[in-house]
Amino acid sequence: MIKTLIALNIAVFLGWYVLPAEFMFTNFLVSWNHLLYGKYWTLLTSVFSHNQAFHIFFNMMVLRSFGPIMIDLLGKRRFITFYLIAGIVASFSHAAVSAFYLHQPELPALGASGSLAGIILLFSLLFPQEKLLLFGVIPIKAIWGALAFVGIDIWGLIAQSHGGGFQIGHGAHLGGSFIGLCYFLILKRKFRKVSL
């Protein structure tokens, strides 16, 4: 399943280089304006969309690292359901935050980061003592790493509201993380005794 998800992401990535730009912008970017115009499918298609090599490489590395563990825990059906719901909520969160907090309803987003934020937070809540590499370098307990990522996204969103920060979909990350938290709370009884 992870290979299939990666293949879909690569196919859409290549689409940015071989298909008409207007088609890709219309169908593989999510924004509040797109939703207002009825392009609801972009809530999902943007989750599989990357147009920069570093972006897709980093996201697919995270998916390859955490995906198999979560599939073992959740099973394929629950994993893909969680992945897609986290991605759709992340896309909607970006669109809503851009429109009503940043006052930029035209601001587009793409990428699997929202789904992956949900996966990382869920993993960290299930295995809080496991080690993560913050920014791929600094070893840190999973729960502190996840909280650091959430904190960075909150800070980044506030900075963006004042015209600063980086061009990162902090709203999408927070939306995905919210689904990770919700899923953990719903299933915590089942996973109460799970440990590595």
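A residue counts as buried when its relative accessible area is under 20%. The views below are taken from a predicted model.

**View 1. Ser98, a buried residue of helix H6.**
Ser98 lies in helix H6. Its relative accessible area is 2%, so Ser98 is buried. Apart from neighbours within four places in sequence, Ser98 touches His103, Gln104, Pro105 and Leu107.

**View 2. His103, in the loop between H6 and H7.**
His103, one of the contacts of Ser98, is not a glycine, yet His103 has a positive phi of about 55°. For comparison, most residues other than glycine have a negative phi. Is His103 buried or exposed? With a relative accessibility of 63%, against a cut-off of over 50%, His103 counts as exposed.

**View 3. The packing of helix H5 against helix H6.**
Two packed helices are described by the angle between their axes and the distance between the axes. For H5 (residues 53-74) and H6 (residues 76-100), the angle is about 130° and the axes are 7 Å apart. The two helices are therefore oblique to each other. Their crossing is right-handed. On the H5 side, the contact is made by Leu63, Gly67, Met70, Ile71 and Leu74; on the H6 side, by Lys76, Arg78, Phe79 and Tyr83. Of the residues in this contact, 6 are nonpolar, 1 is polar and 2 are charged.

**View 4. Met60, a buried residue of helix H5.**
Met60 is part of helix H5. Its relative accessible area is 8%, so Met60 is buried. Which residues does Met60 contact, leaving aside neighbours within four places in sequence? They are Ile6, Asn9, His50 and Ala112. Met60 and Ala11 are 49 residues apart along the chain, and their C-alpha atoms are separated by 13 Å.

**View 5. The packing of helix H7 against helix H8.**
The axes of H7 (residues 113-126) and H8 (residues 142-161) cross at roughly 145° and come within 8 Å. The crossing of H7 and H8 is left-handed. In H7 the residues in contact are Leu121, Phe123, Ser124 and Leu125, and in H8 they are Ala142, Ile143 and Ala146. This contact is made up of 6 nonpolar residues, 1 polar residue and no charged residues.

**View 6. Ala172, a buried residue of helix H9.**
Ala172 is located in helix H9 (residues 170-191). With a relative accessible area of 12%, Ala172 is buried. Beyond neighbours within four places in sequence, Ala172 is in contact with Ala90, His94 and Gly114. How far apart in space are Ala172 and Ala95, which are 77 residues apart in sequence? From C-alpha to C-alpha, the distance between Ala172 and Ala95 is 8.2 Å.

**View 7. The buried residues of helix H2.**
In H2 (residues 21-28), the buried residues are Met24, Asn27 and Phe28. Seen down the axis of H2, these residues fall within an arc of 85°, so they line one face of the helix. What covers the buried residues of H2? The cover includes helix H1 (2-18) and helix H4 (42-45).

Notes. Residues are numbered from 1 along each chain as its sequence is written. This is a predicted model: local features need pLDDT of at least 70, side-chain atom pairs count only at pLDDT 80 or more; totals for chains, interfaces and linings use all residues. Side-chain values use heavy atoms; hydrogens and water are left out. Axes are lines fitted to C-alpha atoms, for helices over the stretch in contact, and angles run from 0 to 180 degrees between N-to-C directions. Helices (H or I, at least four residues) and strands (E, at least two) are DSSP runs, numbered from the N terminus. Angles under 35 degrees count as roughly parallel, over 145 as roughly antiparallel, 65 to 115 as roughly perpendicular and the rest as oblique. A crossing is left-handed if the near helix is turned anticlockwise from the far one by less than a right angle, and right-handed if clockwise. Contact means heavy atoms within 4.5 Å. Ala, Val, Leu, Ile, Met, Phe, Trp, Tyr, Cys and Pro count as nonpolar, Asp, Glu, Lys and Arg as charged, and the others, Gly among them, as polar. Buried means under 20% relative accessible area, exposed over 50%, partly exposed in between (1.4 Å probe, protein chains only). The arc is that of the directions from the helix axis to the C-beta atoms.
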